[in-house]
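Subject: Structure handover

Hello,

Here is the structure for you to look through. My notes on it follow directly below.

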Amino acid sequence: MKWNHQTRAVIVVGVFALALTGFSWRLIHVQVVQHHEFARHAAEHHLRKDIIHARRGSIRDARGEVLAENLPVRTVVADGSLIKNMPAVAEILSRNLVLPLEEVEGKIQAERRYVIIKREVSEEAVLKIREELILGEHRGVHFENDSIRLYPNGTMMCHILGFMNFERQGVLGVEKSMNDYLSGRDGYRWIERDRTGKELVPYRGLEKAAEDGLTVQLTIDMGLQSIVESEIDTAFANLNPRSITIILADPHTGEIRALANRPQFDPNRPGEANAESQKNRAVLDMVEPGSTFKIVVVSAALNEATVRPETLIFCENGNFSYGGRILKDSRPHGMLSVMDVLVKSSNIGSAKLAMQMGERRFYEYIRRFGFGERTGVELPGEIGGLVHPPSQWDKLSITRIPMGHAICATPLQLVMAMSAIANGGKLMMPRIVRRLTDSSGRTALDLGPAVIREVITPETAHVVQRALQGVTSEGGTARLARVEGYTVAGKTGTAQRVDPNGGYTPNKYVVSFLGYGPAENPALTCMVIIDDASTPQGSNYGGTVAAPIFSQVMGQAMKYLDLVPVLASATDTVIPRAKVVSSAGRKKP
Amino acid sequence: MRRRTVTNPIQLGSICRTIIIVGSLALVALCYVGIKHQMQALGNYQKNLERELDDVRTRNQIVSAHIAELTSTASLRRQMDAGRFTLIQISDRQIVRIGPDSDLLLADPAPSGPLLPVVNEMARF
């Protein structure tokens, strides 16, 4: 090969061509073959999916009072790599966040780029810190948005409302059962950042707005709830029981208007509460209903027409031997009408009514009244009680179940059974949530009254109503349940406390009163149930312990609802009309 | 030797065309930069507005929460216990409840006509 200018030119051109081909190949490799990898790397550095948090919906009572609301707070975060003057920043944070200086200094370290200094910091404190940081030209501290759930009424309604855990999920009560509706849906936004991490707004990508949670309006009326809370506090202090539950419900709609349990807890400080105090006994406690359950057997017998209201039942003078065991009445009775079996609360009379009806039919009525299945109320963890089918009954069951033994029910089930009698025979589904509304106030879901089934005919219900009115009259077992100016009806209950290890605990009783008022046109069903009250020996009965509390609650509740007294003996009514005394909190002379 | 007198003619048209094209391109580029700059400024403005709106919302939520706390039943009860206000008793006799006249209803259970006679039933006691 001749080494002339032509050859040299060819070589030079060839080298250039090769170099350019190499570059081109590399370019194509980077741009085409490795495109996804590099695009991902670039995206990792510049693109970020920002979550737009949805605002949790509030919870309100039937009149619109706020029961649970969000309180915005901040989380103080430090980036040690950006902090130049560590002692000065630590001092500012320590002073404003009321934290020991050593703790803050220990957290802020140059190599730690994300360290949480303190959570749930108020907006005021954040403003002060920000001001001081700007003045001192310090960098490396930022504030993240957060919120806490505020329950303005403290312990009131704690079992209904529940609370939220650290992960913003409802734990108990409506916060849990309505969690999906309350929490809403978080949105997102794809953003592009520059080298310093600042968002490049013109290059915003796909964006989806957050859907705020719905507002849950409860059926609870805070006026009635306040009455119940006040009475339950007094009773809890006076009787020192293991627990008390009071429920007020509208018998026509099944709406729960007030519900309280003791012991209770503060949902603003759930960490301090023990498991016992967090228990919503209205739906979680399985109790032997005692004599309140006699309403079922009497209603069933009358509805099946196995007896008539005036049919006489021989009550064996208080001692009935059956199945090798003696069944006793608290007082000896001879012949009692079916109505009087309820008024006098005869165990023997109730047993004979059930025996006359037969196990199968009696069991059917127990189930028709809603026992043995969950009511479906919007409260989490509800249990269905314990009702054995007749195939599992022993010889004594037919005499024990009519008086509320060998069967377990929740207080709410008993309230709904009594409501069925009060409203003319319809078993209603209990409701604690009335409606769901969106942030603009539009109704998203309206939960109206729901009839589960007609348990007894209106005629039967009317007869039982008359008998229940007799219970609170002179000669009945619950004269202390009477309310001045109004007529009320109901049934007492006294049952021995079930021992968790089997059998019954001696001298420990669960006493209750289950009733409604006014008797002519029931507006409220009320149950008071007290577990192991401290009373003098031999005086722990539903008629003596629970009935007076029922009377207090119903008296105030009916006046609060402005129900016209039917009896002329009505005295003054206290209505909640406020009169400001003085701004300093002292009464004017 | 005679000097050449012929000079290269200036192609004014060509120069103008080039200037116009380059100028246009420069203008377009400037516009592009200007628009980009404007977009960036507006983006920052939008971001600041969003932040302000967020702050206002936050403050609004804080105020709402405080109002809820101060007007809650429990708070009112505490204030009442502290004697800041009191409940006044109103006798049932001082309450006027107007309803259908029961005497007239007994005589005519389904009264016809647009007017329904009413009476304060409690006044009868």
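Helix H11 (residues 294-303) and helix H16 (residues 411-422) of chain A pack at about 40 degrees, with their axes 10 Å apart. The axes are lines fitted to C-alpha atoms, for helices over the stretch in contact, and angles run from 0 to 180 degrees between N-to-C directions. Angle and distance between the axes are how two packed helices are described. H11(A) passes H16(A) in a left-handed crossing (the near helix is turned anticlockwise from the far one by less than a right angle; clockwise would be right-handed).

H11(A) brings A:Ile295, A:Val296 and A:Ser299 to the contact, and H16(A) brings A:Ala417, A:Met418 and A:Ile421. Contact requires C-beta atoms, placed from the backbone, within 7 Å. The contact residues divide into 5 nonpolar, 1 polar and no charged. Nonpolar covers Ala, Val, Leu, Ile, Met, Phe, Trp, Tyr, Cys and Pro; charged covers Asp, Glu, Lys and Arg; the others, Gly among them, are polar.

A word on provenance and numbering. This is a predicted model: local features need pLDDT of at least 70, side-chain atom pairs count only at pLDDT 80 or more, and totals for chains, interfaces and linings use all residues. Residues are numbered from 1 along each chain as its sequence is written, while chains are lettered from A and ligands numbered from 1 in the order in which they are written. Helices (H or I, at least four residues) and strands (E, at least two) are DSSP runs, numbered from the N terminus.

**Sheets in chain A**

H16(A) also lies across S9, strand S20 (504-517) and strand S21 (524-531) of chain A. H16(A) runs at about 150 degrees to S21(A). These strands belong to an open sheet of 5 strands in chain A, ordered S10-S9-S21-S20-S19, with antiparallel pairing. Pairing needs at least two DSSP bridges between two strands. The edge strands are S10 (256-262) and S19 (489-498) of chain A, and each pairs on one side only. Twist averages 10 degrees from one strand to the next. Strand S9 (residues 243-249) of chain A is joined to S10(A) by 6 bridges, and the two run antiparallel. A:Ile247 has A:Leu259 in S10(A) as its bridge partner.

Another open sheet in chain A has 3 strands, in the order S1-S6-S7, and is antiparallel too. Strands S1 (47-52) and S7 (207-208) of chain A are at the edges with a single partner strand each, so one side of each has no neighbour in the sheet. S1(A) pairs with S6 (residues 187-192) of chain A over 6 bridges. A:Arg48 stands opposite A:Ile191 in S6(A).

**Backbone points to check**

Which peptide bonds are cis? One runs from A:Arg262 to A:Pro263, with omega near 5 degrees. A:Pro263 is in the loop between S10 and helix H10 (281-284) of chain A. Another runs from A:Gly517 to A:Pro518, with omega near -15 degrees. A:Pro518 is in the loop between S20 and S21 of chain A.

Positive phi turns up at A:Val98, near 50 degrees, in a residue other than glycine. A:Val98 is in the loop between helix H3 (86-97) and helix H4 (101-107) of chain A. A:Val98 counts as exposed because it has 9 C-beta neighbours inside 10 Å. The cut-offs: buried means 20 or more other C-beta atoms within 10 Å of the residue's own, exposed means 12 or fewer, and partly exposed is in between, with C-beta atoms placed from the backbone.

A:Asn317 also has a positive phi, about 50 degrees, and is not a glycine. A:Asn317 lies in the loop between strand S11 (312-314) and strand S12 (319-322) of chain A. With 11 C-beta neighbours inside 10 Å, A:Asn317 counts as exposed.

Chain A has 18 helices and 22 strands. Buried residues make up 44% of its 589 residues.

Chain B has 3 helices and 3 strands, in the pattern α-α-β-β-α-β along the sequence. The radius of gyration of chain B is 44 Å, well over the 14 Å from the globule rule for 125 residues, so chain B is more spread out than a compact globule. Its C-alpha atoms fill a box of roughly 145 × 55 × 15 Å along the principal axes. Buried residues make up 2% of the 125 residues in chain B.

Best regards

Key. Rg over C-alpha atoms; globule rule 2.2 N^0.38 Å. Contact = placed C-beta atoms within 7 Å.
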